[in-house]
Amino acid sequence: MLKYYIMTTEALKRLRAAQDGVVSFEYVIVAACIVAAVAAAFGAGGTGPIATALTNAITAIAAKVTSAVA
């Protein structure tokens, strides 16, 4: 158990010192904000105008792909 604790501690030290790790963490935060914005726009039930427009667009694309393949 001590071995894993030391490995985890060392990994966190490297992450804290690395600038790439900070940038990656910022991307995670931005992605979480985008997910929250999309969830707020579509709502839990998916009954807003954006959801309707996307549903209609996806249905039209699926119909065109089906007709092109057949």
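pLDDT is the predictor's confidence in each residue, from 0 to 100. I needed that on the page, as this is a predicted model.

**Confidence.** I looked up the mean pLDDT of the protein and noted 79. I also noted that 80% of its residues reach 70 or more. Next I went through the elements. Helix α3 (residues 49–69) has the highest mean pLDDT, 86. Helix α2 (residues 19–42) has the lowest, 75.

**Fold.** I counted three helices and zero strands in the protein. Read from the N terminus, the order is α-α-α.

**Burial and surface.** How many of the residues count as buried? I wrote down 4% of the 70 residues of the protein. I then looked up the accessible surface, which comes to about 6,000 Å². Carbon and sulfur atoms hold 73% of that surface.

**Helix α1.** I turned to Y5 and placed this residue in helix α1 (residues 2–17). I then checked for surface patches. Y5 forms a nonpolar one together with L2 and I6. The accessible area of L2, Y5 and I6 together is about 350 Å².

**Rings.** I searched for aromatic pairs and logged zero in the structure. Which residue lies over the face of Y4? I found K3 there, at 6.0 Å from the ring centre.

Methods
Residues numbered from 1 in each chain as written. Predicted model: local features only at pLDDT ≥ 70, side-chain atom pairs only at ≥ 80, totals over all residues. Heavy atoms only, no water. Helix = DSSP H or I, 4+ residues; strand = E, 2+ residues; numbered from the N terminus. Buried < 20%, exposed > 50% of the residue type's maximum accessible area, 1.4 Å probe, protein only. Areas by Shrake-Rupley, 256 points an atom, 1.4 Å probe, with all protein chains shown as cover. Phe/Tyr/Trp six-rings, centres within 6.5 Å; stacked < 30°, edge-to-face > 60°. Lys NZ or Arg CZ within 6 Å of the ring centre and 35° of its normal. Patch = residues over 30% accessible without salt bridge, like charges linked within 9 Å, V, L, I, M, F, W, Y side chains within 5 Å. Salt bridge = Lys/Arg side-chain N within 4 Å of Asp/Glu carboxyl O.
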